[in-house]
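Colleague: Could you show me the model, and then take a few questions about it?

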Number of protein chains: 2
Amino acid sequence: MNAENIRFASRFDGISGSAIREIFKLLAVPGMISFAGGNPSVDALPDAQCAEIARELLLDKGKILLQYGATEGYAPLRESLVPYLKDRFSFTCRADEVLPVTGSTQAMDLLCKALIDPGDKVVVENPTFLGNMQAIRLYQAQLLPVDSDEDGIKVDELEEVFKSEHPKMLYIIPTFQNPTGRTLSLERRKKIAQLAAQYGVVVAEDDPYRDLRYAGQELPSIKSFDAEGWVAFMGSFSKVISPGLRVGFLAANAALLRKCVIGKQSSDVHTANLNQAIVDAYLRRGLLMPHVERICQSYAQQMNTMLGLLSKCGGVARYTRPQGGLFIFAELQEGMDAAKLLMNCVDKGVAYVPGTHFYAGGGHENTFRLNFSMSTIEQIERGMALLNEVFSANS
Amino acid sequence: MNAENIRFASRFDGISGSAIREIFKLLAVPGMISFAGGNPSVDALPDAQCAEIARELLLDKGKILLQYGATEGYAPLRESLVPYLKDRFSFTCRADEVLPVTGSTQAMDLLCKALIDPGDKVVVENPTFLGNMQAIRLYQAQLLPVDSDEDGIKVDELEEVFKSEHPKMLYIIPTFQNPTGRTLSLERRKKIAQLAAQYGVVVAEDDPYRDLRYAGQELPSIKSFDAEGWVAFMGSFSKVISPGLRVGFLAANAALLRKCVIGKQSSDVHTANLNQAIVDAYLRRGLLMPHVERICQSYAQQMNTMLGLLSKCGGVARYTRPQGGLFIFAELQEGMDAAKLLMNCVDKGVAYVPGTHFYAGGGHENTFRLNFSMSTIEQIERGMALLNEVFSANS
């Protein structure tokens, strides 16, 4: 019998892989200006520093780092995460309430593994990060999208959905959201923590962009208002040190974290020790925040350049004005189709991600997401001029 | 509402976490001689070499290694795996038919994700590696254990089960099996490849110990006899370079591998680039096999010392005589209980893993697994003397 007869699991029905990662394959053309990704700038990756840290750690503790580690994580990192969480995310937890993971993508996977049976309902922002929508769909949950405005997800609608649909989980990116760049207001953060406990819904709070702030005041995390333990907080070092190292963390109440640890035993046993130790060194030696400050100076210029040019771009009806993060979300005039126009833009030498992919129910064909972190000021100027050409000609 | 009211997913019903990893927590007592683990010897971990390789790679290619990578894996590693697979595992595949993963545990998870719906049947050796039994159980499959003898799994029984039960998958460790140390015979390897294609069953071939051979002749992999693409081959660098780096690989037919890639997008996006590049350097620079030869010299002495002392150990009825790997499996006299006696042994200062955990249906309380790689010759002599004391007194 030929292996074409393999019977795949039903969780893959209707799943075709990340649309974004497929778009990336179009971008291998030399000279292409990509506003499509969500990668850190190459300048933001501390290669020389990591080289010395990695060598030093392996010479000093190589016999520990190269051996099997605990599923629960590298103990020094768990300890150094506690003050980091207190300082940066304004909530307190014990070292055994935080789990280092293989990128915060794994935190999402483990939360779904712990919580989701097929047919369970998960509320997501509309629009939201499509990678984690795929993660949720692979657990065969039903996605319930709730619209957002300039202050983030609409909490009145959210409460209605909590009340009538009894979802298991809310997935939310409160700060410089992907794809919109919007930040959830303080009042709504408090309200969501309260609604979670009132209706018994786990909040998966995904906050990887918080440290990339270029304007405005920091806000406390939703988890900082969580008295009852319903908020699971997912963090990442991908945007502030390196995505290639694959280190993030999950902070949650002990019972939920225990299920995630058991799930992780069968996912990858533990996150690579060397990678955890490198992140631990950034935290312990006080290297992280100075590095972040350097990155932010440049990202702020890139974002402001792009925002300035968007205001003059033909065909663009409106766009968000983030205070940080990596993304701007824009709308073309009614009737224009960003997915179709992408091919014209790619032919000219510039790319973005059509917004429709970020909506659980599709539609919104006139929207698109722009990233500015991977392009120089010159590339942003050139790329925006090309977008202006294509959009003006089609508006 | 207190978070004690969280409703967990039904896949966790009856799952309590790895019994072995819980036993390890008992072993933190200083001076404890552990025959319980499956870790490489500390002497086998190339810390100084890895330190220089890591530094060099980060200085040379840090901007690539610290950036996001492809879910499909670090391209140079995929390329260097092709001749490695041909040379060591005697099968040919293209670079795009092999997927670097975050330890071969992730390969198992991705195969289950791709294939298993709740209620599907998976055949396992009886006994087998309990970590992967847990992985399969978390996908809510039904385990069908098939007994082994000195030549590995009994293929006549296997064919009966394939015919009558229509399983989706067979999980098998053909070389120096965990926990028995046994090696599947050449004839049975051929037969299993043939049965897989005849009955349409995916074979998950898990072969992490093959390079740790201390006697006898190498055998080709089951996959080398797989004409139709039903065999998915899982390999690991945990036993020959470092478990802490978490790098393994999965080789499978293109359609199955594609599902695994999509599954991996939501598991951890990609395996950490630096870790893949370190393994790639071992393969490209010809560092791996000389390192393995060094390890094997020492492991062979350790195994032979333990085997010699087992022959004189009170209460021991029989035991396997592996030609390699990390484990010996032994049976106490009928009526003795290795799980109960473990506590007496731990009190004396020596530990093993009770064999019952490796049987899908439990039972076999008189069996136990011994590991020799983590102990010096002196520790093996001392530990075996302590086992002899306890077992003699209770036989």
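Colleague: Happy to start with confidence: what pLDDT does chain A average?
Modeller: Keep in mind that this is a predicted model. Its overall scores are ipTM 0.96 and pTM 0.97. In chain A, 100% of the residues score at least 70, and the average pLDDT is 96.

Colleague: Thanks! Which element gives the largest share of the side of chain B that touches chain A?
Modeller: The contact draws on 75 residues from chain B and 76 residues from chain A. On the chain B side, the elements that each supply at least two residues are α2 (47-65), α4 (104-115), α5 (130-138), α7 (186-199), α8 (254-267) and α9 (273-284). The largest share, 11 residues, belongs to α2(B).

Colleague: And by class, how many charged residues does that side of chain B have?
Modeller: Let's go through the classes for the side of chain B that touches chain A. It has 34 nonpolar and 28 polar residues. The charged residues there number 13.

Colleague: Now to the domains of chain A: how many Å separate their centres?
Modeller: Chain A splits into domain 1 (16-44 + 290-393) and domain 2 (47-286). Taken over C-alpha atoms, the centres of these two domains of chain A are separated by 25 Å.

Colleague: Let's look at strand β8 of chain A: are the residues pointing either way from it buried or exposed?
Modeller: In a regular strand, side chains alternate between the two faces of the sheet. From β8(A), A:Val231, A:Phe233 and A:Gly235 point one way, while A:Ala232, A:Met234 and A:Ser236 point the other way. For this strand, residues 231-236, six of six residues pass the burial cut-off. On both sides, then, the residues are all buried.

Colleague: Last one: which residue is the bridge partner of A:Phe233 in β9(A)?
Modeller: On one hand, β8(A) runs parallel to strand β7 (residues 202-206) of chain A, joined by four bridges, and there A:Val203 has A:Val231 as its bridge partner. On the other, β8(A) pairs with strand β9 (residues 248-251) of chain A in the antiparallel sense, over four bridges. In β9(A), the bridge partner of A:Phe233 is A:Ala251.

Methods:
Residues numbered from 1 in each chain as written. Chains lettered and ligands numbered in written order. Predicted model: local features only at pLDDT ≥ 70, side-chain atom pairs only at ≥ 80, totals over all residues. Contact = placed C-beta atoms within 7 Å. Nonpolar A, V, L, I, M, F, W, Y, C, P; charged D, E, K, R; others polar. pLDDT = per-residue confidence, 0-100. Domains from an automatic or database assignment. Buried ≥ 20, exposed ≤ 12 C-beta atoms within 10 Å, placed from the backbone. Pairing = 2+ DSSP bridges.
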